[in-house]
Amino acid sequence: MTSKDGNITVDTAYEAVDPKDFPAMMDVERYGNRSTAFDKIISATHDHFWDPLDTKYIDFSLPFDMENEYLIEPSQNMELKTAVADKLDEKQKIQLVNMNVHWSLSSILHGEQGALALSASLCHILKDPGAQEYAANQTREEARHVTGFTNYIKARWGKPVQVGPALGDLLTELVLSPLVWKKLVGMQMLVEGLAMGAFATFYKFSRDPLMVKVMQLTMTDEAFHHKFGKIWADRTIPKLSESEHNQIEDWAWEVFQVLLYNLGSPEQKKWMYERIGLDWQWVQSAFMEAMTDSNIREDMQESTNIFRVLIKTLLKAGIITERTSGNYAAFIDMKELYGEGDRMVGDDIAEEGIKFLRKLNGNNGAYMSLDSMTAAE
């Protein structure tokens with residue numbers, strides 16, 4: 001189960017080798033030992049092909065009045081729910097909201113770069129040819145996301161802002177980790193779960209049609225990336241020893257806390273407040289006064305809330321058990337969340353996007369819905 005290098009492998013589909021052990025990839029027996037677990041999501045890649053450099057899919061020249069228009073509904077901005085709002089006029093509020101979007105989309109871009117590097121690293125260590133082919137497909141898809149978000153940010157701001165310490169440290173840990181379980185739980189569940197919530201939020205509340213299109217096209221890919229992690233969970237979590245499960249469960253809770261309390265904290269965005277004449281430490285105190293546990297709990301009632309999506313992802317994967325459910329219950333009704341279906345927020349948006357892409361790409365064959373991509377193979 002747990003190897004000397006710390007990897008936890010209970011299903012041969014996720015067996016890994018040392019990244020320096022390329023001779024293992026040339027083992028003649030390996031080529032024929034291919035799992036069928038990933039065949040559906042590999043084949044479905046043709047259903048959601050898009051090219052961010054081709055204007056028939058998306059046109060990044062579409063204009064937007066950045067000075068006078070909110071990129072997203074101002075109700076979605078955390079600062080404007082605090083005493084910060086009292087310090088700003090309308091123009092400054094627009095500037096603040098749009099700078100926050102710049103920050104968020106830059107973070108998403110850095111996350112996509114992390115997902116690209118992590119997927120590529122899986123190609124070096126996953127022994128199963130099917131798992132390896134899927135990882136190669138995801139690498140290609142993450143690369144087009146990097147291009148897509150780079151082009152959007154270039155069109156609206158010129159270039160992205162630096163990654164924040166909280167996200168940057170997590171992405172670095174995941175990409176460089178030799179542990180397959182940490183890569184899959186960390187990227188395919190935690191980061192992808194976070195991203196699907198963010199994409200759905202921007203899709204729902206953005207006032208920029210170009211941003212809406214970027215989000216939907218990206219979600220047509222990301223819905224499948226989440227499925228890869230779900231297949232791992234379905235095949236792995238029920239077979240873990242108690243100590244192995246506790247190790248994964250406790251690490252997931254630690255990462256959740258880091259993201260919840262640091263991902264959007266004012267300390268991570270000092271440059272933003274300087275531009276509108278606010279001291280970041282004062283903004284921090286305003287946040288602490290307004291963002292109580294009860295307020296966080298209220299925000300998590302929104303289906304697209306990124307942390308609600310994140311908790312549901314871990315819960316439905318079997319990673320959250322009674323041991324730690326009380327930790328998350330401080331923010332959300334766990335029984336209610338558990339009673340929800342397995343469909344994730346964004347699946348409906350992704351399905352509509354896939355139908356658009358199939359028509360655009362001239363694919364008139366049988367369509368396989370996201371719900372049919374189960375691990376029951």
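Helices α7 and α11 of this predicted model are roughly antiparallel to each other (an angle over 145 degrees, where under 35 counts as roughly parallel, 65 to 115 as roughly perpendicular and the rest as oblique), because their axes cross at roughly 175 degrees. The axes of α7, residues 242-262, and α11, residues 306-316, come within 12 Å, where an axis is a line fitted to C-alpha atoms over the stretch in contact and angles run from 0 to 180 degrees between N-to-C directions. The helices themselves are DSSP runs of H or I with at least four residues, strands being runs of E with at least two, and both are numbered from the N terminus. In this pair, A252, F256, L259 and L260 of α7 meet F307, L310, I311 and L314 of α11, contact being defined as heavy atoms within 4.5 Å. By class, the contact of α7 with α11 comprises eight nonpolar, no polar and no charged residues, where Ala, Val, Leu, Ile, Met, Phe, Trp, Tyr, Cys and Pro count as nonpolar, Asp, Glu, Lys and Arg as charged, and the others, Gly among them, as polar.

Residues are numbered from 1 along each chain as its sequence is written. In this predicted model, local features need pLDDT of at least 70 and side-chain atom pairs count only at pLDDT 80 or more, whereas totals for chains, interfaces and linings use all residues, and side-chain values use heavy atoms, with hydrogens and water left out.

Helix α4 has twelve residues, 165-176, and reaches 16 Å from its first C-alpha to its last, close to the expected 16 Å, a span calculated as 1.5 Å times one less than the number of residues. Within α4, the residues A166, L167, G168, L170, L171 and L174 are buried, that is, under 20% relative accessible area, with exposed meaning over 50% and partly exposed in between, for a 1.4 Å probe and protein chains only. The elements that cover these buried residues of α4 include α2 (90-125), α5 (180-205) and α7.

The chain as a whole contains 14 helices and zero strands. Its radius of gyration, taken over C-alpha atoms, is 21 Å, close to the 21 Å that the globule rule (2.2 Å times the number of residues to the power 0.38) gives for 377 residues, so the chain is as compact as a globular protein of that length. The C-alpha trace spans about 70 × 50 × 40 Å along its principal axes, and 54% of the 377 residues count as buried. Among contacts between residues at least 6 apart in sequence, 79% join residues at least 24 apart.

K20, in the segment before α1 (39-43), counts as exposed at 76% relative accessibility, and its C-alpha atom is separated by 8.6 Å from that of I125, 105 residues apart along the chain. P52, in the loop between α1 and α2, is buried, with a relative accessible area of 5%; not counting residues up to four places away in sequence, P52 touches I58, F60, R144, T147, G148 and N151.
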